[in-house]
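You asked for a short note on this model before the next discussion. The points below go through cavities, cores and the overall chain.

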Amino acid sequence: MSFEPFEARRRLRERLEQALAAAGRPAAAERGRPSTLGQVDLLVARCEVSDRHGTGVLLRRVFGEGREFVTVRSKDFYGGEQEFGAARFKVAHGGAARGTIYANVLSAIGGLEVRRILCVPYDQDEVRTALAAQDLFGAPLCTWVMDDQNIEDQGIPDAPLRELFARSSLRLAISSELQRAYRRKFGVGFGLAPPAVPAVHLQLHPGPPDPARLAARRGLVFGNIWGEAWFEGLLGALDGTGIEVDWHHGGGTPWRVLDPARLARSGITNRAFLPEPELVATLRASPFVLIPSGTFEGDDPHRFIARLSLPSRLAYAAATAGTPVIVLGHPDTAAARFVTRHGLGRVVPYRRAELAAAVEALCTPEAQALHRAAAAAALAPALSARDMEAWLWRSLEAGQPVDDRFATLEQPE
């Protein structure tokens, strides 16, 4: 009896391979795809694994170059460029029926031996691909939710997501807010796996900021800003305050051409994204970091990110530098709750007077020492990416997190 699932999957693959051959659509191994890789791990994600977006950065921090991975994505946002993984495929299903979805997956990776599956769902295509691959290969499945696409934003309907969670041996969420919301709605266990930071850059013994930057009240914004309302709110809140910030980013605002003159009027100096050692040094030298977030007003298309997702740049700043943080937006965003819960800085609306007051309050020696020490004591060790890959795979094998390494980051029920 124990061989029946394997035999059923083998017969399913054989039938699909025959159908593909009859349709003139050969499976992956027959098309010269890498069928000699041996056992591989399968990553199912929305787009290219790239340092130009937070999900890609986090996956590379945990898995490095991903040499044991084969990746399947449904979208190209960066010209198809990706260095992560031993092989990379693009598979989009559209409105295809389930049988066609299975055939699509088999056509892409049918010549491989998949031992484990990691799904980072954002669109329905990732859910469909992961479920098909799990059926075809019988490999254990881990689902790591990094962005909400069901509660605040209905990008993935309940039924397929419920099936994905039911079929996952391990379910992880990137923030405590996301963990609680999905646990409550779907009635299944979720572990916490936050945006971890390379151990080599952790700041365990924080020092003061650069005296010149502190005296000039010159802060920092780093990372991309994805929301139009957030970007305009940041510009408006800075206008006329005399506060100056450097903005280090990889893509800035891909949906908008940046106007250097407009940035300058708000005291923003546009900078290239720095190599990691230089970025860490700049963070540590800065007296404060600005993190734009949501206001929950009007029709904000990025409400789902603000409500439940923890910005990777916030975790990075806390763990590598302890630089005091000012979150702009509503106090119930995931970013604001994280800052308040761990004593990392201030949360203010997109208003000039409140922002200016927060900057002044954080630029005292006492505030600098207080917030930097809080980050170093509670967050730097907890956000370490050291051995996180091994932790994830051991947790998948066990069907639950194997230890409480992220317990200090969880929000009490």
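**Notes on the predicted model**

1. The structure is a predicted model. A search of the whole structure turns up 3 cavities of 30 Å³ or more. The two largest are taken in turn below.

2. The largest cavity has a volume of about 60 Å³. Its lining is made up of Ile174, Ser175, Ser176, Glu177, Leu192, Pro194, Leu310, Ala334, Phe338, Arg341 and Leu409. By class, these divide into 7 nonpolar, 2 polar and 2 charged residues; Glu177 and Arg341 are the charged ones.

3. Which helices supply at least two residues each to the lining of the largest cavity? They are α6 (176-186) and α13 (334-342). Of the contributing elements, α13 gives the most, with 3 residues.

4. The second largest cavity has a volume of about 40 Å³. Pro121, Val145, Asp147, Gln149, Ile156, Leu161, Phe165 and Tyr182 form its lining. Here the classes are 6 nonpolar, 1 polar and 1 charged. Asp147 is the charged residue and Gln149 the polar one.

5. On packing, the largest nonpolar core holds 97 residues, and within it Ile109 and Trp144 touch the most other members. Helix α4 (residues 124-137) gives the most to this core, with 7 residues.

6. For the chain as a whole, the secondary structure consists of 16 helices and 13 strands. How much of the chain is buried? Buried residues make up 54% of its 413 residues. The accessible surface comes to about 17100 Å², and carbon and sulfur atoms account for 52% of that area.

7. A last point concerns contacts along the sequence. Among contacts in the chain with a separation of 6 or more, 74% are between residues 24 or more positions apart.

Note on methods:
Residues are numbered from 1 along each chain as its sequence is written. This is a predicted model: local features need pLDDT of at least 70, side-chain atom pairs count only at pLDDT 80 or more; totals for chains, interfaces and linings use all residues. Side-chain values use heavy atoms; hydrogens and water are left out. On a 1 Å grid over the protein atoms alone, a cavity is a set of points where a 1.4 Å probe fits but cannot get out, and a pocket is an open set with protein on both sides within 12 Å along at least five of seven lines; lining residues have an atom within 4 Å of a point. Grid points are joined across faces, edges and corners, and a volume is the space filled by probe spheres set on the points. Helices (H or I, at least four residues) and strands (E, at least two) are DSSP runs, numbered from the N terminus. A nonpolar core is a set of buried Ala, Val, Leu, Ile, Met, Phe, Trp, Tyr and Cys residues joined through side-chain atoms within 4.5 Å. Buried means under 20% relative accessible area, exposed over 50%, partly exposed in between (1.4 Å probe, protein chains only). Contact means heavy atoms within 4.5 Å. Accessible areas come from the Shrake-Rupley method with a 1.4 Å probe; for residues, only the protein chains shown count as cover.
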